Amino acid sequence: MITAKRLQQLAPYPFAELNRKKQELKAKGKNLIDLSIGDPDLGTPEPIVTCMQEAVTKTQNHRYPPYAGTTKLREAIARWYLRRFGVKLDPHSEILILIGSKEGIANIHYAFVDPGDIVLVPTPAYPVYSNATKFAGGLPYLMPLHKTNQFIPDLTIIPDNIAQKAKMMHLNYPNNPTAAVAPQTFFDEVVQYAKRHTLLVCHDAPYTEIYYDGHKPHSFLQSPGAKEVGVEFHSLSKTFSMTGWRLGFAVGNADIIKGLAQIKMHIDSGQFMAVQEAGIFALDNEETLTPEIRNTYQERRDVFVEEMKKFGFKITPPKATFYLWTEVPPGQTSATYATHLLEETHVVVTPGTAFGEAGEGFIRIALTAPKEKLIEAAERIQKIQ
Ligand SMILES: *Cc1c(COP(=O)(O)O)cnc(C)c1O
């Protein structure tokens, strides 16, 4: 079967071999500790589940949902944005409900990217930004994230001819995989840059509520003028441990929201209204529901970093996200070290290069396993040093 060119241009998955080894060890009944998964293991908070149980029985929820999502959910998002970020949003023109933020991040290219258009994409990054760019016929231009620059792209090194031609820019803070948090001054700079080069900015922000030590990350929309140039993608996936429920949203510039809504209207029919009802409950009660989730990750982070420190590993504790982005020992590559850890300790981590070549020299460790497992993983790693 000959696939379309858009599938042929996808890079082959570089870690098939690593994955095969993992499956093989699993099949042999080895006690793997999997720290490679960016998916909360905590389960959705019970009050949200209870709300869903009731919502699912209502026959009016069984019909096609409105394309842009229910007005009530869009109003709940506007309330939450105002409380959390001090950002005012019009529920009718500046908010769009998504079936998980991933679909919106992918679909937005069909609304704004023509074949041959340049899209500025950070690297290492969530692979959707560049792959969806390619699906729409666009050309990703990679903006490297370096440790020496706190994993923030240096906009001044983007060549002028690229910046002039570029249509769109993707950003993601707090960042997956590097765990970096962007200062508001960077978002301010992005707004100016986007205005100068008539760029549309897509800020992917699913980790704003997974932060530590009380330091709340900013919204891109808090920067003056941000709403003139961009949108922000949010998700209930990480905030409320709801990855399987598929509920996200885009907020910001009304014209961009309208374009994305038009594309979606011809592709899907909106998220199940019972899920949207549970989403209203979650957002209206965010302040009481999320502290426990944060505390759990913070305890895991602290225990793991402390345990590794005992063994002479210097891991910088992240300020946000549930990832540790850490350098591999000298003489190793991301892939050789991830393979070494898998074979010798049965601890599964993600090679940095899974997020692009710029991830070379790093591995990503996800705190999506219980504290005891993290301590055991640290002990196993220590034994092979
Ligand atoms: C988890 C994640 C998302 C959210 O995906 P959903 O489709 O909303 O579940 C988006 N971007 C990044 C970088 C992520 O890690």
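This is a predicted model: local features need pLDDT of at least 70, side-chain atom pairs count only at pLDDT 80 or more; totals for chains, interfaces and linings use all residues.
Residues are numbered from 1 along each chain as its sequence is written, and side-chain values use heavy atoms, with hydrogens and water left out.

Staying with the ligand, a polar side-chain atom of serine 235 lies 2.6 Å from one of its oxygen atoms. For tyrosine 207, an N or O atom of the side chain is 2.7 Å from a ligand oxygen, whereas for serine 101 it is a polar backbone atom that sits 2.8 Å from an oxygen of the ligand.

Now to the domains. The protein is divided into domain 1, made of 5-44 + 290-383, and domain 2, which covers 46-288, with bounds that come from an automatic or database domain assignment. The centres of the two domains, taken over C-alpha atoms, are 26 Å apart. In terms of contact, meaning heavy atoms within 4.5 Å, 32 residues of domain 1 meet 36 residues of domain 2.

The area buried between domain 1 and domain 2 is about 3,100 Å², with carbon and sulfur atoms giving 59% of it; buried area here is the accessible area, with a 1.4 Å probe, that two parts lose on being put together, summed over both. Of the area that domain 1 buries against domain 2, Thr44, Arg294 and Thr321 supply 23%, more than any other three residues.

What about polar interactions across this interface? The rule finds 16 residue pairs in polar contact, both residues being at pLDDT 80 or more, where a polar contact is a pair of N or O atoms within 3.5 Å and, within protein, one must be able to donate a hydrogen and the other to accept it, with residues adjacent in sequence counting only if both atoms are side-chain atoms. On the side of domain 1 that touches domain 2, the residues divide into 16 nonpolar, nine polar and seven charged, taking Ala, Val, Leu, Ile, Met, Phe, Trp, Tyr, Cys and Pro as nonpolar, Asp, Glu, Lys and Arg as charged, and the others, Gly among them, as polar.

Finally, some backbone details. The peptide bond from tyrosine 173 to proline 174 is cis, with omega near -10 degrees, and the bond joining asparagine 176 and proline 177 is also cis, with omega about 15 degrees. Serine 241, a residue other than glycine, has a positive phi, near 50 degrees.
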